[in-house]
Amino acid sequence: MKFNTKTIHGGQTHDPAYGAVMPPIYQTSTYAQTTPGGHKGFEYSRTHNPTRHALENSFASIENGKHGLAFGSGLAAIDAVIKLLKPGDEVISTNDLYGGTYRLFTKIYEDFGIKFHFVGMETPSKINSLINKKTKLLWAETPTNPMLNIVDIKALSKVAKTNNILFAVDNTFATPYIQTPLDLGADIVMHSATKYLGGHSDVVMGALVVNNSSLAEKLYFIQNASGAIPGPQDSFLVLRGIKTLHIRMQRHCENAKMIADFLNEHPKVEKVYWPGLTNHKNHSIAKSQMNDFGGMISFTSKNNDYDETIRILERLKIFTLAESLGGVESLSGHPASMTHASIPKVEREKSGVVDSLIRLSVGIEDISDLIQDLKQALE
Ligand SMILES: *Cc1c(COP(=O)(O)O)cnc(C)c1O
């Protein structure tokens, strides 16, 4: 099955009860048994739920994996992965990691005796010097947020395999329309399904996909034992979202290309960060591992001025100023004062998050309206 068919049919069967084409929302916590243990495979909805099960099969299918798991949020999915580790274990991750992931690692799991290293993963050789016998996990994100750096997944997977380390990729920004990390050697793919997979800014959800059966078993155990599962209504919404993932992503990417080109030539714009631009520092890796370049763009204006940047954001009408990304509607954000405000100014500016940086989640509206909106806001 090709990707555009998998989003609609992958891992799906019509409901056995009445042949419903979409899986019903099984809004139930428990299932009748005829005799103790006499059930139809479902006992209790923390462990199993048919609506969630249909969604988990879809996750696995679109990421070219064998096993899918759904969680109550992206962070709950990451939390489940870290629970594979023990005190004393070490993790190596990127230095421009999603803020919530950084907080989970440093503010929760460091207290449990797990050690985290953060390094620029665009240069895989930097990782080697941090590896020792305690290193158990590489955690990568690509493209990164908000600088849209690209990490070479194949190169990292080689480092992980050579050293017998688990390798996880947060694929939230790219989605499997653009890249399937398991095919490039990753062991675990993670999603904040809140973003593109759900696609309509109406649900918070997380996902993991793996191929290895014993790894899957451990994660299913954690999912059930810790209990951070999504409900059936949210599972239904994300399953419905995935059915249009391929056409939404196609338009997100097309619109982003036009906007990146527009900004790149605008006299008031200093620098545009979008991996599809030939002047992007990781463009060649991006071209080799991505089918397209995604709907996320960051840029800086020429006067590196906090107040003027805020005014640009306030003038935008179609781009809504908001956290989050990946929905059908265009959003704008100011990383320095919003998503990355908790990082000290000196630290954040080292990685490029200056006061004039604006991040766009390009939606699927008409491109001429989006460009007109940016044009009037920059003037
Ligand atoms: C949003 C996001 C997360 C966290 O997911 P939630 O669903 O908000 O818990 C993790 N990684 C990336 C890249 C994200 O954008």
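Biologist: Which residues touch the most other members of the largest nonpolar core?

Modeller: Keep in mind that this is a predicted model. The largest nonpolar core has 65 residues. Those that touch the most other members are Phe 59, Ile 259, Leu 263, Ile 297 and Leu 360.

Biologist: And which helix gives the most to this core?

Modeller: The top contributor puts in eight residues and runs over 245-265. That's helix H9.

Biologist: Let's zoom in on Ile 259. Which residues does it touch, leaving out those up to four places away in sequence?

Modeller: Ile 259 is among the residues that touch the most other core members. With those sequence neighbours left out, its contacts are Ile 297, Phe 319, Leu 360, Val 362, Ile 367, Leu 370, Ile 371 and Leu 374.

Biologist: How many residues are in the second, separate core?

Modeller: Ile 78, Phe 116, Leu 137 and Met 190 are included in that one. The count for this second core is 28 residues.

Biologist: What area is buried between domain 1 and domain 2?

Modeller: Carbon and sulfur atoms give 62% of it. In domain 1, Met 147, Tyr 177 and Tyr 196 lose the most area to domain 2, together 25% of what that side buries. The area buried between the domains comes to about 3,000 Å².

Biologist: What about polar pairs: how many residue pairs are in polar contact across the interface of domain 1 and domain 2?

Modeller: For salt bridges, the count between the domains is one. For polar contacts, with both residues at pLDDT 80 or more, the number of residue pairs is 17.

Biologist: Now, the salt bridge of Glu 122: which residue is its partner?

Modeller: Side chains of opposite charge can pair when their charged atoms come close. Here the N to O distance is 3.5 Å, and the partner of Glu 122 is Lys 281.

Biologist: How many residues apart are Glu 254 and Arg 251 in helix H9?

Modeller: These two form a salt bridge, with the closest N and O atoms 3.6 Å apart. Glu 254 is partly exposed at 40% relative accessibility, and Arg 251 is partly exposed at 38%. They are separated by about one helical turn, because in helix H9 their spacing is three residues.

Biologist: Is Asp 355 buried or exposed?

Modeller: Asp 355 meets Arg 348 in a salt bridge at 3.7 Å, N to O. Bridges that share partners join Lys 345, Arg 348, Glu 349 and Asp 355 into one network. The cut-off for burial is under 20% relative accessible area; Asp 355 has 13%, so it counts as buried.

Note on methods. Residues are numbered from 1 along each chain as its sequence is written. This is a predicted model: local features need pLDDT of at least 70, side-chain atom pairs count only at pLDDT 80 or more; totals for chains, interfaces and linings use all residues. Side-chain values use heavy atoms; hydrogens and water are left out. A nonpolar core is a set of buried Ala, Val, Leu, Ile, Met, Phe, Trp, Tyr and Cys residues joined through side-chain atoms within 4.5 Å. Buried means under 20% relative accessible area, exposed over 50%, partly exposed in between (1.4 Å probe, protein chains only). Helices (H or I, at least four residues) and strands (E, at least two) are DSSP runs, numbered from the N terminus. Contact means heavy atoms within 4.5 Å. A salt bridge is a side-chain nitrogen of Lys or Arg within 4 Å of a carboxyl oxygen of Asp or Glu. Buried area is the accessible area (1.4 Å probe) that two parts lose on being put together, summed over both. A polar contact is a pair of N or O atoms within 3.5 Å; within protein, one must be able to donate a hydrogen and the other to accept it, and residues adjacent in sequence count only if both atoms are side-chain atoms.
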